[in-house]
Amino acid sequence: MSKKSEQLASKVRREVLKMVSLAKASHIGGSLSMADILAVLYQDVLRFRSKEPQWCDRDRLILSKGHCCSALYATLAFRGFFSLKELETFGGDRSRLMTHVCHTVPGVEFSTGSLGHGLPYACGKAVAAKRRGALWRAFTILSDGELDEGSNWEAILFAPQHRLDNLVIIIDYNKIQSFGSVASVMELDPLAKKLHAFRWSVKEVDGHNHCALKNALTTVPWAPGKPSCLIAHTVKGKGVSFMENELQWHYKSPDKQQLDIALSGLDNQFV
Amino acid sequence: MNPRIFLLVGDLGYSVVEPFVAEFPERFINMGVAEQNMVGVAAGLASEGFHVFIYSIANFPTFRCLEQIRNDVCYHRYPVTVVSVGGGLAYGNLGYSHHAVQDYAIMRCLNPIAIAAPGDPIETVACVQWLVSNPQPSYLRLGKSGEPIIHEHKVSLDLGKIIEVEGKMLKSGVFLTTGTSLRYAIEAIRHPQLHGEWGVVSLPLWNEETKSNIVAELSKHRAIISVEDHFPAGGFGSYLREALADTIIQTRMKTISLSRNVSDLIGNQDFLNSQGGLNVIKLVDVALSFGSQSQNDLISTRESQATFH
C-alpha cells in the first residue's frame, strides 16, 4: 500500500490549486500531472533531512520542468522543509516562492525555468558523486515538451557514456506541451525505444499509480552502469475533471468558482 | 595542485591538455562537441564543490551555450571559468565562425562574471592564479599561443587593477589595453614619432563592479587611448566610457577597436587586425591626434566630456 504517498499527493493537489489561483499563475496542468511522482519520491524514495536541506548525503532532486514548481513547493512544505503558511506567498512580492523553481527555497537544488537545463546539471552532480565515491543519487523530473530541446539529447548521450547509474530521469509524459499535443508538435514516440537506443535503462509506468511508481523508483539502478529513465504516462490536469487533457490549463488560473469546483471534485475523488 | 580544479573540454585541446589529463584523469572529461551540456555539467560539478574550467575555441564555450552560462552558472554564482582560446582574430583565416569579436560585450553583461583577458604569457599566469584563488563565475580569454612575452617580471594582479607595463606614465598619455592587443601598444610607444612620451597600461582583470575603482586610476593620465581586438559595441572601450560617464575628470579618451569589415575578410591575425584598424600606425596616429602636451592643458573639462560621446 502507498496510502501515505496518496494522501500526500492529494494534499499537494489541493495546495497547487489554491496557490495557482491565488497568485493568478499558470502551469496548473503540468503541476497536477506530476503530483503523484513527487509524492512517491518524497514519501518513499528520496533520502533527505528536511531540517538540514544541504545534508551532504541527501539525494538530489532537480526539477527541470521548473514552471511546475507549485507542486514541488507544496510537497516540500508538507514534508517539513518550510511552513505550509509560506505557500500562500507563492508568486507574491518579495516571496521566496518564485513561479519558476528557485534554488533559494529550502530543498530546491537548482533554479530552472528555461527548459533543457536540469538534466545536464544533474549529470554534473552524478559525475561529482561518482568521482568522489558518494552514494547519493541525482533524480531529475523532465517534461515531455522539453525533450524538444537539443541540450537534453546532449545529456542523454553523455550519461551512459560515463556509466551514471546514480542518475534517474522521470519523464512526466502528459502528452500535451505548451501550444499543442506532443503528437502534433514534435512526436516523441517511440520514446522508450529512443532512450533504449541511447543506452539507457528504461521503464514505463502509469504515472498516477503509486505502487508502480514506488516499485520502479526504489529499485534503481535497474541495470548496473546504466542511467535509469522512467517514462511516467500521466494526464495533464490529473484529478480535476474539467482540467484533464485540456491545453488551456497550461495557461489559465482558476477563478474562485472554478477553484471551489476543483477542490470539491478532488475531495470526492480521493477520500 | 588545487584538488578542486576540474577540467571539461569541448572535444578540443589536442597537444595542450594532455599533461593535465595524464596527472588528474579523475578530474577531466572530454565532453564531446556539446557545449550546452558541457556548461550544465560544469554547473552541476561546481554545485558539489569543484572549480570547473571549461575549454573550447572562441564562440563555442560562450555564444553556443550562452543561456547555460547566464542561468546555470552566473545566476547560481557557481565557480565556473569559461576558457576561450583564440580570442579576437587569433583564428583569423578560419573565418567568422571562429572569431571572438563580440565576447567582451556579451560576457561582461552577465552579472556577476569576471573577465580575465591577459596581454601576454606573464599576465596569463597571473590571471589564472587569481582565478584559482578567487573561484567565481569567470571568463578567461586567451590568445592562441606563441604571443610574445612583454612583462620582464612576474606581475601581481587583482580585479580592476590597472598595471603599468612600459613607458612614461604621466606625460602625454597612455594606451590602455586588455587582452593580447597589448603588443600593438608596446610597439606604438616605441615609435619615433611619439618621442618616448607615451606609456602603456594594461587591465587584464575587470568586471562591472570595478568600473568605479578604475576611474581614479584613469584620472591620473592626461589622455587615454583604449585598445582592443573586439568590435566597438559593448567592448572594452565602451566599458571604459561607461565607467567615465558619470564623472567629471580632465582625462581625454579615444578608443581603438575593430571595424566590422574584418568579418568579410580572410587572413591571419595581424593582417585582419590591421584591416580592422588595429595596427601600430593607427595607434600612433591617434596618439598624435591628441596634439602636444601644452595644447592638452588648455582643454576644458567641458570639452573633454564631449570626447566621451
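Mentor: In chain B, 27 residues of domain 1 are in contact with 29 residues of domain 2, contact being C-beta atoms, placed from the backbone, within 7 Å. This is a predicted model, where local features need pLDDT of at least 70 and side-chain atom pairs pLDDT 80 or more, while totals for chains, interfaces and linings use all residues. Residues are numbered from 1 along each chain as its sequence is written, with chains lettered from A and ligands numbered from 1 in written order.

Trainee: Which elements give two or more residues to the domain 1 side in chain B?

Mentor: Helix H4 (103–108), strand S5 (114–116) and helix H5 (121–133) of chain B. Helices (H or I, at least four residues) and strands (E, at least two) are DSSP runs, numbered from the N terminus.

Trainee: And where are the domain bounds in chain B?

Mentor: Domain 1 of chain B is 5–141 and domain 2 is 163–306; such bounds come from an automatic or database domain assignment. Their C-alpha centres lie 27 Å apart.

Trainee: Switching to chain A. What is the strand order in the open sheet?

Mentor: S1-S2-S3-S7-S6 of chain A, with parallel pairing; two strands pair if DSSP finds at least two bridges between them.

Trainee: Which strands stand at the edges?

Mentor: S1 (60–63) and S6 (201–206) of chain A; each has a single partner strand, so one side of each lacks a neighbour in the sheet.

Trainee: How many bridges join S1(A) and S2(A)?

Mentor: Four, in the parallel sense, with S2(A) spanning residues 138–143. Leu61(A) stands opposite Phe139(A) in S2(A).

Terms used
Two residues are in contact if their C-beta atoms, placed from the backbone, lie within 7 Å.
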